[in-house]
Amino acid sequence: MSRGKSIIGDVDWGLILIYLIFVSLGLSTIYSAVYEPEHAFLFDMSKEYGKQSMWIGISLFLGFFILLLDGSFIIKNSYWVYIVTMVLLLLVLFTKPINGARSWFGFGSVGIQPSEFAKIGVSLALARYLSMKSSITKKRKKKSNTQLTLANYITSTLQAIQANAPILIILGIPSMLVLLQPDAGTFIVFTSFILVLYREGYAGNILLFGIVSVFIAVITLLVAGNTFFLPFTKVMLSGKFGVFLVILFLGLLFYFVIKKLIQPRERKTLYKALIGSMIISIIFINVVELGYSNILQKHHRDRIDLVLGKMEDPNGKGYNINRAKAAIGSGGFSGKGYKQAKLASANQKHVPEHSTDFIFCTWSEERGFIGSAGLVLLFMTLLIKIVLIAERQKSRFTRVYAYSVAGIFFYHFMINIGMAIGLAPVIGIPLPFFSYGGSGMMSFSILLFILIKLDAERKVILQ
Amino acid sequence: METYSNRKYTISLMFILIGLAFLFRLAYMQLIDSHWVERAAQISERKVVTYPARGIVFDRNHEKLIANEIHYDLMVIPKKVKEIDSFAFAKLIGIPIEEYTKRILKAKDYSYRKASEFEKQISPDDFTKIGPELYKYNGFFEIERTLRTYPKHVAGHLLGYMNEVSRRDIKRQPYYKSRDYIGRSGIEKEYEKILRGKRGVKYLLQDAIGISTGSFEEGKFDTLAISGKNITLGIDWELQAYGEKLMQNKLGSVVAIEPSTGEILSMVSAPSFDPDLLVGRRLGKNYGVLQRDSLKPLLNRATGSIYPPGSTFKLIMALSALQEGVITKESGFPCTKRLVGCHNHPSAQSVQQAVKMSCNPYFYYVVKRLIQQGKEKSIYKDAAIGLNIWADYVESFGLGTTSQIDFGGMAKGLIPSKKYYDRVYGEYRWAFSTIFSICIGQGEVTVSPFEMANLAVIMANRGYYYHPHFIKDIDGDTIPSKYLEKNYTKVDQIHFPDVIEGMYDVVNSPGGTARRARLDSIIVCGKTGTAQNPHGEDHSIFIAFAPKDDPKIAIAVYVENAGFGGTWAAPIASLMIEQYLTDSISNPRKEKRILDANLINYTKPK
C-alpha cells in the first residue's frame with residue numbers, strides 16, 4: 001500500500017469546478033426562491049439560504065476532510081459505512097411520522113435524512129463486494145449448445161440468483177427499509193444500481209428486457225382506456241387488444257425475417273424465443289393492465305395518467321405539475337430575470353416546493369432556455385465526466401463506485417427535471433446540489449468527494 | 001480490459017439521449033409552445049377592473065340631484081376564517097348567530113379559498129362602526145362600491161333608477177359586461193352614455209391564494225378609468241320639491257318651463273315617490289310594492305298621459321282664426337247655448353272677453369268660420385280643406401307632433417286630420433257640424449301635459465318656443481343645437497296681445513275663471529280648462545305664465561277628477577309661480593287648503 005503523492009495529486013479539478021458551479025448556482029436560486037427583504041443577508045439563519053450556506057460550508061469541510069483521508073482507508077471501511085447507514089435506516093422507522101412518513105431524525109429546525117446517506121453506504125458496499133469477487137458467473141457462454149427452453153432458462157436464472165445473493169442483499173435491505181418509511185422516490189433511486197450491475201457484466205438482457213417492458217407498459221396504459229373496432233367487423237375491443245394485434249403483427253414480421261435471414265439450423269431456437277417473448281409480452285400486458293386498474297391506488301393512477309397526458313386538469317390533481325410547467329415554459333429564451341420569477345417566486349408561490357423538489361422551475365423561469373438548457377448540459381457533462389473517470393480506473397472498486405455515483409446522479413437528475421417538465425410522474429426527490437436540503441447536500445457532496453479522492457489515487461495500484 | 005467495457009457506450013448513450021430528450025422538451029416548452037406564457041399569466045396575474053365614478057346630476061342652481069356614495073360589500077374567505085369570536089362578529093354586523101353560521105356555510109359551499117359576499121351594500125355610516133374592527137376578524141375584508149344617492153329625495157320619475165345589465169343589453173351594447181349597472185329609466189337612462197364614463201383595467205400580480213402582491217410591470221398596461229361626465233339639468237329642485245308637496249294626495253301632473261330657453265324647471269307626476277327607494281338592494285323590494293299600488297305611482301303622468309285639453313285649446317283657436325283672418329280682435333258672437341253648453345255670463349264682444357269668460361258657443365262660431373271657409377260648394381269638401389288648414393295651425397304650436405325632448409316615454413297627443421275623420425266617417429261624409437267639439441278642446445283632440453306647458457311658453461314668448469328639454473349643460477360638451485333654435489308658430493306676433501289680455505283677465509279681472517290664481521305682487525296670465533271625463537269627475541286643467549311682461553316661468557297643471565280648472569289647478573299653479581319667483585308664499589291659507597286637499601276619488605276596478 002503506498003500513499004498518494006500529495007493531497008492535490010491527481011485530483012480532477014474539472015469535477016471540483018463543476019461541483020462548485022452547481023453549488024453556487026443552486027444557492028443563488030434558493031436565495032431568490034425564498035427571498036425576503038427583511039432577511040436579505042445571505043447567511044441569515046432563519047431563511048433557507050442561510051441554512052443552505054451552512055450545509056454547503058459543512059459539506060466543503062467534509063469534502064476537504066475526505067481528501068485528506070487515505071483511499072485505502074475508505075475502501076477498507078466500506079462495509080462499516082454500509083452497516084451504520086442501514087442501522088440509521090432501521091432506527092428512523094421508529095421516529096414520529098412527519099407528513100405521513102418516517103424519514104427524518106429531527107433536531108430542532110434541521111433534520112437528517114438517513115436515506116440520503118444510505119446511498120453512500122450502498123455504493124461503497126457494492127463496490128467493495130464486486131471488487132472482491134474474482135469472476136462473474138455467466139450464463140450465456142455457450143450459445144449454440146444449450147437449448148433455449150423455458151425450463152433451462154428458469155434454472156439458469158435461479159442459479160444466477162443464488163450465486164449473486166450478496167448483491168441482492170446489499171441492494172435489497174435498504175430498498176425494503178426505505179419502502180417501509182414509506183419513501184417511494186428513494187426506493188426508485190435504488191433501482192439505479194442496475195446501471196452498475198449492467199456495466200459489470202450482469203443483467204444485459206435484464207436491462208434490455210426492462211426497457212422493452214417499460215415501453216410496452218407505457219403503450220398499454222396509454223391505450224388501455226380506449227376502445228376500437230376490429231377492422232372489417234363490428235366487434236368492439238378494448239385498447240389492449242390493439243397492442244396484442246400489434247405484437248402479433250411484429251411477431252409475423254420477425255418470423256419472416258428469421259426465415260429469410262437466419263440459417264435453418266438456428267431458426268428453431270429463435271422461433272421458440274419469438275413465441276416465448278410474444279407469450280410473455282401478452283401476459284405482461286395483461287398484468288400491467290390489471291395492476292394498473294386493481295392494485296395501484298387512485299392517486300398513483302392519476303399521477304401516471306397525468307404524465308401520459310390522459311388527464312388534463314390545471315387546478316385539480318395536476319396542480320403542481322401544471323404550475324411547474326407554466327413556470328418553466330414562460331421563461332422563454334432568456335428568462336424573466338433574477339428574482340423576477342412570477343410563479344416560482346418568493347412572494348407569489350404558485351409553484352409549491354420551489355426551493356426543494358421544484359427548484360428547477362425557479363431556475364428555468366428566471367433564466368429561460370439559456371439557463372435550463374445550460375443546466376441540463378452541465379449535468380450531462382457531469383455524468384459523462386464521471387463515466388470517463390470510471391473508465392480510466394484500474395481499480396475495480398473505484399469503477400464500480402463511480403458508476404454507482406453516476407447512476408444516482410442520473411436518476412435524481414432525470415426524475416427531478418423530468419417531473420418538472422412533465423415527462424415523469426411526480427416523485428419527490430431533490431436535484432443534487434441545487435435543491436435546498438442539508439442531508440442531500442452533504443450526502444451528494446460526500447459521494448462526489450469520495451469519488452474525487454479515489455480517482456486522485458488512480459495511479460496508485462491497489463487492486 | 002473487461003469484455004463489458006463496451007457497455008460504457010450504452011450507458012453514456014443513454015445519458016446523452018435522455019439529456020437530449022430534455023433539451024428538446026425544454027426547447028419546445030420555452031421557445032416554441034407559447035401557451036405556457038399565457039397559462040403563466042393566467043396563474044400569476046389578475047386583471048382587475050376599475051370602475052369610474054358615474055357622472056353627477058345637478059339642478060340649475062348646481063345642487064346635486066343625483067350623487068354617488070361609497071358603500072361597502074363585506075367579503076369573506078372561508079379558508080382564512082380561524083379563531084374568531086363569531087358571536088361578537090355577528091353582533092357587530094347586526095345579524096343573529098344562526099344567520100352568521102348559515103352565511104359561512106354558503107361561502108364555504110361556493111369556494112373554500114376564494115372570496116364571496118357576506119354582507120352587501122353597507123352604508124358608510126354603518127361601516128364606520130364595522131370598518132375599524134375588521135382587523136380582528138381574519139378572513140373578512142371589505143370592497144368599495146358606489147351607489148347612487150338622491151340628496152334632495154325628489155323627482156323620482158325624472159331621475160330614474162339603475163339595475164344590472166341583462167343579456168340583451170350586453171348583446172346590443174358590447175361595452176357592458178356582466179354585473180355592470182345601467183340606467184333603466186329617466187335621466188339615468190337618457191344620459192347613460194355620458195354619465196357612465198369608461199372603465200379601466202389594472203393588471204396585478206397575485207399569489208397562490210389569489211391575493212394581489214403588486215402591480216404588473218409597474219402599471220405599464222393599466223388604463224385609467226375615465227369618470228362619467230357631470231350634467232346639469234334645468235330643473236329647480238326647490239320648485240320640484242314644492243310641486244311634489246302640493247300635489248300630495250292628488251293624481252295628476254305639473255310641468256313648468258322657462259320660456260326664454262325651453263329648459264324644464266319642474267316635472268311633477270303625482271303620486272310621486274322618493275327615488276332613494278329604488279337604489280341598490282332596495283330596488284327589488286320597493287319596485288314590487290310600487291308596482292302593486294293601485295294608484296300606480298310608477299306611472300309618469302307628465303309624460304305618459306294624454307287627455308282632451310278643454311278650454312285651454314281656445315287660445316290656439318283664437319290665434320289661428322285671427323291669423324287666418326276669419327275673425328278680428330273685435331269680433332263678437334252670442335252665447336248660443338243650444339249649439340254647445342256654456343255657463344252663464346255676458347256675451348263676449350271681443351276675443352279678449354271670449355278668452356276671459358271662456359265662452360263655448362263663441363268658439364263654436366270661430367272655429368266653424370275657420371273650418372268651413374266656403375272655398376268649396378260642398379260642405380264636406382269644404383270641411384276637409386278647412387280642417388287641414390286648422391291642423392296646420394295647431395301643429396305649428398307643437399301639438400300632435402313628435403316631441404324632441406330628451407326623455408323617453410313621451411306620449412303624443414292627437415290632432416285629427418282629414419285622413420283621421422275619413423277613416424271614421426268616410427271621405428267627404430263629415431263636416432264641421434260633425435266634429436264641432438274640437439272647437440272647445442274636446443272630442444278627438446288630445447294633448448300631453450308637455451304640449452300644454454309648451455303652449456304656455458308660446459303665449460309667454462308671444463309666438464315662438466324652444467323645444468322643451470331637461471338638459472342644461474354637459475361637462476365639457478355642448479347640448480344639441482336643436483334646443484337652441486326658436487320655433488315659430490304660424491301666427492304672427494301682432495295677434496298675441498289681445499289673447500294675452502284675455503289671459504290676464506282670466507286671473508286678475510272680475511268674471512275671470514281663475515281668480516284663485518291671482519297674486520298680489522306678480523301679474524299671472526293663465527287659462528283654465530276642464531277636461532270631460534266619461535269615467536268620473538272631470539279633470540281640472542290650468543296653464544299660465546308669469547310675470548306678464550318678461551315672463552320667467554310657464555306652467556301647466558293637471559289634476560285628475562278635480563272638477564273645474566279654476567278650483568284646484570289654478571291655485572296650485574300660482575303657488576308654484578310665487579314660490580319660484582319670490583321664494584315665499586304670501587297666502588298661507590291658500591297653501592294650506594291645497595296641502596290638506598285629498599282629491600283621490602279613485603274607485604278600484606272590479
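Visitor: Which residues are buried in helix α22 of chain B?
Guide: K590(B), E591(B) and I594(B), in a helix spanning residues 588-596. Buried means under 20% relative accessible area, exposed over 50%, partly exposed in between (1.4 Å probe, protein chains only). Helices (H or I, at least four residues) and strands (E, at least two) are DSSP runs, numbered from the N terminus.

Visitor: Why are they on the same side of α22(B)?
Guide: Because they cover an arc of only 100° around the axis. The arc is taken over directions from the helix axis to the C-beta atoms.

Visitor: What covers those buried residues?
Guide: The cover includes α10 (237-246) and α21 (569-582) of chain B.

Visitor: And which exposed residues are on the face turned away?
Guide: P588(B), R589(B), K592(B) and D596(B).

Visitor: What kind of model is this?
Guide: A predicted one: local features need pLDDT of at least 70, side-chain atom pairs count only at pLDDT 80 or more, and totals for chains, interfaces and linings use all residues. Residues are numbered from 1 along each chain as written, chains are lettered from A and ligands numbered from 1 in written order, and side-chain values use heavy atoms, without hydrogens and water.

Visitor: New topic. How many residues are in contact between chains B and A?
Guide: 33 of chain B with 52 of chain A. Contact means heavy atoms within 4.5 Å.

Visitor: Which element gives the largest share of chain B's side?
Guide: α1(B), with 19 residues.
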